[in-house]
Amino acid sequence: MPQSDDDRLVDLAARLEHEDPRFARSLATGRPTRPREYRRTGAWWVLFAGLGMLVAGIVVPDGLLIAAGLVTSGIGMQLIDPYRRPDGDAARRPSPRRPAP
C-alpha cells in the first residue's frame with residue numbers, strides 16, 4: 001500500500017528535527033536560520049588560526065610552527081569546502097542506474 005503524502009511530510013519533519021533541531025525550531029517561529037551545512041563560522045576561525053600560526057612560524061623560523069600552521073590551515077579549508085564527500089552509507093549503496101548482477 002503506498003504511503004500517503006501526510007505520512008511522508010510527517011516523516012520528513014521528524015527527520016529534519018532530528019538532523020538539525022536549531023533549523024527546525026527557527027522554521028516553526030517563522031524566522032529561518034541557515035541550515036547546518038551552511039554554517040561555517042568555526043571553520044573560518046580554524047583557517048585564520050592556521051594561517052596565523054603559519055605566518056608566525058615564517059617570521060620566527062620555527063619548522064614545527066610552520067608545519068602545525070599548514071596542517072591547521074588544511075583542516076580549515078577542508079571544513080569550508082562546500083562539496084563534501086557523501087557519508088559512508090551513501091557511498092556503499094548501489095547506484096539505481098547500475099544493473100543488479
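Reply: Gladly! Let's begin with the face of α2 turned away from its buried side, which carries the exposed residues R25, A28 and T29. Exposed means over 50% relative accessible area, buried under 20%, and partly exposed in between, with a 1.4 Å probe and protein chains only. Please keep in mind that this is a predicted model, where local features need pLDDT of at least 70 and side-chain atom pairs count only at pLDDT 80 or more, while totals for chains, interfaces and linings use all residues. Residues are numbered from 1 along each chain as its sequence is written, and side-chain values use heavy atoms, leaving out hydrogens and water.

Me: Which residues of helix α2 are buried?

Reply: In α2, residues 21-29, they are F23, A24 and S26.

Me: What puts them on the same side of α2?

Reply: Their arc around the axis is only 165 degrees, and that places them on the same side of α2. The arc is taken from the directions that run from the helix axis to the C-beta atoms. As background, an α-helix has 3.6 residues a turn, so residues three or four places apart point the same way.

Me: Why does S26 count as buried?

Reply: S26 has 8% relative accessibility, and therefore counts as buried. Not counting residues up to four places away in sequence, S26 touches R31, P32 and T33. A contact here means heavy atoms within 4.5 Å.

Me: What do the buried residues of α2 pack against?

Reply: They pack against α1, residues 5-19. On the α1 side L16, E17, H18 and E19 take part, meeting P21, F23, A24 and L27 of α2. The residues of this contact divide into five nonpolar, one polar and two charged. In that count Ala, Val, Leu, Ile, Met, Phe, Trp, Tyr, Cys and Pro are nonpolar, Asp, Glu, Lys and Arg are charged, and the others, Gly among them, are polar.

Me: Why is α1 called oblique to α2?

Reply: The two axes come within 5 Å and cross at roughly 125 degrees. That angle makes α1 oblique to α2. Under 35 degrees would be roughly parallel, over 145 roughly antiparallel and 65 to 115 roughly perpendicular, with the rest oblique. The axes are lines fitted to C-alpha atoms, for helices over the stretch in contact, and angles run from 0 to 180 degrees between N-to-C directions.

Me: What makes S73 buried?

Reply: S73 has a relative accessible area of 9%, so it is buried. S73 lies in helix α4, residues 63-80, and, leaving aside neighbours within four places in sequence, is in contact with L47, G50 and L51.

Me: How many helices and strands does the chain have?

Reply: There are five helices and zero strands. Helices are DSSP runs of H or I with at least four residues, strands are runs of E with at least two, and both are numbered from the N terminus. Buried residues make up 14% of the 101 residues in the chain.
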